[in-house]
Amino acid sequence: MSEESSTWYKDAVFYELYIRAFADGNGDGKGDFAGLTARLDYLQELGVDCIWLLPMYGSPLLDDGYDIADFYAIHPDYGTLADFCTFIAAAHARGLRVIVDLVLNHTSDQHPWFQASRRCQEPYTDYYVWSKTGQEYANARIIFLDSEPSNWTFDPLRGEYYWHRFFFHQPDLNYDNPAVQAEMLRVMRYWLDLGIDGFRADAVPYLFERAGTNCENLPETHAFLRRVRAVADTEYPGKILLAEANQWPEDVRPYFGGDPVDPCLPGDEFNLGFHFPVMPRLYMALRQHDRSAIVDILQRTPPIPGNCQWCTFLRNHDELTLEMVTEEERQYLWREYAPEPRMRLNLGIRRRLAPLVDNDRRRIELLNSLLFTLPGSPIIYYGDEIGMGDNIWLPDRNGVRTPMQWDDGPNAGFSTSPAESLYAPVITAPPYDYACINVAAQRADPGSLLHTIRHFIQVRKLHPVFGRGDLCFLLGPPRPVLAFLRSYGGATLLALHNLSDGRQSCALDLSAFIGQVPCDLLNDATLPAIGAGPYAVELPAYGYRWLGI
Ligand code: BGC
C-alpha cells in the first residue's frame, strides 16, 4: 500500500450523520439503518468519503445515545444488527467508509455494570469512580454547566457519590480498573470485527482522575489511548481513530502521540483529532472582518506527525462550543451570534450554520471555503450542505438535530409516519421551511448550495495539496483578507478569502512564483502570469478564490 493510500483520511471529506434524523425506512417517525441505506446514493453523489455515525447502541436516549446501556446492541429504533451490517456493506460497495462513535468515558446509569456497581456486586464494584464524600477532584470543571451543579452525584442505594463529567445519568467508568480497560477493548474489537473503518472516540481527555489536577489530558489517559491504538494497528491495520478532545492546540498535540519534539516520527495515538479552537475563530474573523484570530490560532498550532491529520468543522450535533476562547471573546461571540438566551447552551451556541450567518449564501460559502482550504480534513454536518435551519424552541441540542429535509412532500420526505409521530418536528418556519430548503429542489438547481458544496468536494479530490499541503500565510494584504499558500509535492494552492462585506484589492507578494500562470481551480479560468511586482487580485464582498500555481 502506498503512503498516500494508507493515509487516505488525510484527503477525505467526512460527513457527520445522526441516524435518527436522516431517513426513516419503516415509517415509525424515527430514522433508521434501512432508511439510511436507501439514501446512500445521495452521499455518494455528494462525493464524501467517510460517514461518521452518531451512537447507534442500546440506550435510554437521555443524551441521544451517548448514554449507552448496551455496547453490543443496535438500538431497536434504528433496526437490527443485520440492518447495520447491510448498511456497512452497502456503504463499502459505494466506496464510502464508515466510522462510529466509541464512548469510552462513561455509560448510562441503566447499564447493567452500573446497576451491579451500585449494589457492590463483584466484579463490578469498582467499575465506576465512587467516593464517600464527593469532595475529591474539585479542580475539574463542570462541562454541562446548565444542567449539572457538580461532577459528583449521591447514589442512595450504595450510599456513596459517583463521578460523572457529563449528565448525572452518565457515570464515568473507572479506568484505574484493568477490567474496565479490557471491557472497552473488547467493545472496540466487536465493532471492528463487523467491518467498520474506525471510531470517533468521544470525550477522551477525561478517562482518568488524579487528585490535585483538573483531571484532563493525564499521562495515564494517554497511556491507555496508546494501548487502544496499538490494538487497532496490530489487529485491524488500516482502521482509524479520531479524537474528540476539546482542548487548546498544544494540549491536543499529545493525542497524536509520536515524539513531542520530532514531528518526523510517526504518531502512535490518534490518526485524527478535531481542531476545536479554530472553529469559533472562523466565525469571529468573519464578524470582525479581520483574519487575525484565524492566523493567531493556526500559528500557535504545533506541527503534528506526518501520518496524522486535523479534522475541521463548522458545526456539529452539539452546541457551537466556546470553551476554547477567552471570556471576552465568548461574550463577543454570544452577543453577535446568539442574541437570544434560547440560542445559548452551556458555554456555547445551539444554532446551525445557515441561521448563524443570517442565511447569507455568500457567508455560508465563504465559511465552507475556509473549511475546505485550511489544513485538515473537513467534516460536513448533515443538512448543512443544503443550508438547513434550526429550531431553538426544542430543548438541549435537539434544535440542531431535526429531520433531514429531502423534498417538499409530507414530513420533508423524511418519514411516511403521521407528523405527530416524528421524533422531532420538521422545520416549517420560513426561510428554512422544508418546502423551500430541501435536497430535491437543490439537486434540480445547478446554482444551489448543494451543487457548490459538491463542486468543492470534487475539486478538493483532484488535488492532494488540500489534504497534505503545508501552510504559509501571506500577510501583505489588508486584514479583511485571509490569503495563504498550501504546498505539497510541487503543487501550490493560493487560497484567498475576503472576510468583509466590501470589495478588497490584494497586492500579493508572489515573487517565488515569477513566470507561473495561476489557474482558478473552481472555474478553470486562467489568470495573468505572475510578474516581478505585486500580483493584483480583486475580491468581491465575502469572495473567495482557489488558485493553483
Ligand atoms: C458528545 C456529546 C455528548 C457528550 C457526552 C460529547 O463529546 O459530542 O453529544 O453529550 O460527549 O457523551
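Reader: How far from an oxygen atom of the ligand does a polar side-chain atom of Glu 244 lie?

Author: The distance is 2.5 Å for Glu 244. The model is predicted, so read each distance as a property of the model. Asp 318 also places a polar side-chain atom 2.5 Å from a ligand oxygen, and for Arg 200 the value is 3.1 Å. The protein covers 97% of the 310 Å² of accessible area that the ligand has on its own.

Reader: Which residues around the ligand come nearest?

Author: There are 13 residues around the ligand, and those that come nearest are Asp 63, His 106, Glu 244, His 317 and Asp 318.

Reader: Where is Arg 401 found, and is Arg 401 buried or exposed?

Author: Arg 401 is in the loop between β16 and α15. Its relative accessible area is 3%, so Arg 401 is buried. Beyond its neighbours within four places in sequence, the contacts of Arg 401 include His 317, Asp 318, Tyr 18 and Tyr 423.

Reader: What do Trp 130 and Tyr 162 form?

Author: Trp 130 and Tyr 162 form an edge-to-face pair, with 5.8 Å between centres and 70 degrees between planes. Trp 130 belongs to strand β6 and Tyr 162 to strand β8, so the pair ties together parts 32 residues apart in sequence. Trp 130 is buried at 14% relative accessibility, and Tyr 162 is buried at 4%. The whole structure has 42 aromatic pairs. One aromatic cluster includes Phe 33, Tyr 57, Trp 113 and Trp 191 among its members.

Reader: Which ring does the charged end of Arg 287 sit over?

Author: The charged end of Arg 287 sits over the ring of Tyr 337, 4.6 Å from its centre. Arg 97 does likewise with Trp 8, at 3.9 Å from the ring centre.

Reader: Which residues of helix α12 are buried?

Author: The general idea is that an α-helix has 3.6 residues a turn, so residues three or four places apart point the same way. In α12, the buried residues are Arg 330, Tyr 332, Leu 333, Trp 334 and Tyr 337. They pack against α10, β14, β15 and α13.

Reader: Which backbone values deserve a check?

Author: Most residues other than glycine have a negative phi, and most peptide bonds are trans. Here the bond from Glu 122 to Pro 123 is cis, with omega near 5 degrees; Pro 123 lies in the loop between α6 and β6. Pro 430 and Pro 431 are also joined by a cis bond, with omega about 5 degrees. Leu 61 has a positive phi of about 60 degrees, in the loop between β3 and β4. Asn 359 also has a positive phi of about 60 degrees, and its place is in the loop between α13 and α14. Leu 61 is partly exposed at 21% relative accessible area, and Asn 359 is partly exposed at 29%.

Notes:
Residues numbered from 1 in each chain as written. Predicted model: local features only at pLDDT ≥ 70, side-chain atom pairs only at ≥ 80, totals over all residues. Heavy atoms only, no water. Phe/Tyr/Trp six-rings, centres within 6.5 Å; stacked < 30°, edge-to-face > 60°. Helix = DSSP H or I, 4+ residues; strand = E, 2+ residues; numbered from the N terminus. Buried < 20%, exposed > 50% of the residue type's maximum accessible area, 1.4 Å probe, protein only. Lys NZ or Arg CZ within 6 Å of the ring centre and 35° of its normal. Near = heavy atom within 4 Å. Polar contact = N/O pair within 3.5 Å; in protein donor to acceptor, adjacent residues only side chain to side chain. Areas by Shrake-Rupley, 256 points an atom, 1.4 Å probe, with all protein chains shown as cover. Contact = heavy atoms within 4.5 Å.
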